[in-house]
Amino acid sequence: MKKVSILIPCYNAENFVAETLDCCLKQTYEDVEVVLVDDGSKDRSYDIAKTFESEKIKVFKQSNSGACHARNFAFEKSSGDYIIYLDADDIINPEFVEEHIRSIEDVSSKSVSFGVWDRFRQHTDESLFPMLGIYKDYDSAFQLLLDMWISGDMLACTCYMTPRELVAESGGWDETVLKNQDGEFFARVLMLADKAVFVPKSRIYYRTGEYLTVSKASSEKKVASMLDTFVSYKNHALVREDSKRVREALSINFTLFMYLYGNRFPKLYKRAKEEIKALGVGYILKNEPPRVISLCKVIGFNHFMTIRRLLLGR
């Protein structure tokens, strides 16, 4: 029986961590260990987590160093053949691990599996799990990554179950990243993986609200870090496959970045613009209102951004 490690970074989640640990204990798959690392919480998160400590649940504490460091530390303390990253305020269904394990029985040891996810605020029955275009099996995990970039669909980090060897080969979570941490990490994982197997019965209930510990703030430093992750995408992806389709997918990321943040941060706008120029495929704006995309095609993306800044101040 393969062992699965559920790794939980925890920061100021005293209202939710017990429910999260409880959902881990309710897993129908037997060989599961949980490693929780408290990231210097200022509330009672650590004390609550310690009440769950057992042979199945290990609880550690570190000085406040960020979620990426906590995940890397948890990985070092884990021993599972497969790794699942779970946030301290999210919930997985009881069959989550068992369904993942069943799905990867007949695929290579370097394949990942991924489940479905949806948001909720107060109660899990708020989650409806709408169908996404990426919810299917992939013979190439890299194609899943490209499809997410092109479509704008996303997967929560808990969606994935990743072989331990892939986490190790990826180098782990980049602790310098301030924004788009899971996107950057799993991009590297998917570029290394063989297949990506869809597991429709594995469900993640992703809690949203103003209390969230992962910052939504978009200071220039954090937005610059996000742009750095897009550059990381480019550097790794073009080694994996240097083709027009990959360059276009990368341009979608940079164009979206400019659309969302460019007028607020001119220096970052210029950096992203230079990256698109180097890709040689032009600006590609997708998954935005049709009237915006049509206007960009008529007057050009840069002119559209200038007019928007003058008229709307953003």
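This briefing describes the strands, helices and salt bridges of one predicted protein model. Because the model is predicted, local features need pLDDT of at least 70, side-chain atom pairs count only at pLDDT 80 or more, and totals for chains, interfaces and linings use all residues. Residues are numbered from 1 along each chain as its sequence is written, and side-chain values use heavy atoms, with hydrogens and water left out. Helices (H or I, at least four residues) and strands (E, at least two) are DSSP runs, numbered from the N terminus.

**The sheet**

- Eight strands form an open sheet with mixed pairing, in the order β3-β2-β1-β4-β7-β6-β8-β5; two strands pair if DSSP finds at least two bridges between them.
- The edges are β3 (57-62) and β5 (91-92), each of which pairs on one side only.
- Strand β6 (residues 112-120) pairs with strand β7 (residues 160-163) in the antiparallel sense, over two bridges.
- F114 stands opposite Y160 in β7.

**Helices and their surroundings**

- Helix α1 (residues 17-25) lies across β1 (4-10), β2 (32-39), β3, β5 and β8 (196-207), and runs at about 180° to β1. Such angles run from 0 to 180 degrees between N-to-C directions, and axes are lines fitted to C-alpha atoms, for helices over the stretch in contact.
- In helix α3 (residues 67-77), the buried residues are C68, A70, R71, N72, A74 and F75. Buried means under 20% relative accessible area, exposed means over 50%, and partly exposed lies in between (1.4 Å probe, protein chains only).
- The buried residues of α3 are covered by elements including β1, β2, β3, β4 (82-85), α6 (164-170) and α7.

**The contact of α7 with α8**

- The axes of helix α7 (residues 181-192) and helix α8 (residues 220-240) come within 10 Å and cross at roughly 5°. That makes α7 roughly parallel to α8; angles under 35 degrees count as roughly parallel, over 145 as roughly antiparallel, 65 to 115 as roughly perpendicular and the rest as oblique.
- From α7, the residues G183, E184, A187, R188 and M191 meet T229, S232, Y233, H236, A237 and R240 of α8. Contact means heavy atoms within 4.5 Å.
- The residues of this contact divide into four nonpolar, four polar and three charged. Ala, Val, Leu, Ile, Met, Phe, Trp, Tyr, Cys and Pro count as nonpolar, Asp, Glu, Lys and Arg as charged, and the others, Gly among them, as polar.

**Salt bridges**

- Side chains of opposite charge can pair when their charged atoms come close. A salt bridge is a side-chain nitrogen of Lys or Arg within 4 Å of a carboxyl oxygen of Asp or Glu, and by this rule the count comes to 16.
- E33 and K3 meet through their side chains in a salt bridge (3.6 Å, N to O). This pair links distant parts of the chain, with E33 in strand β2 and K3 in the segment before β1, 30 residues apart.
- E33 counts as buried because its relative accessibility is 3%, whereas K3, at 23%, counts as partly exposed.
- K3, E33 and K58 are linked in a network of salt bridges.
- E19 forms a salt bridge with R207, their closest N and O atoms being 3.0 Å apart. E19 lies in helix α1 and R207 in strand β8, so the pair ties together parts that are 188 residues apart in sequence.
- R207 counts as buried at 3% relative accessibility, while E19 counts as partly exposed at 40%.
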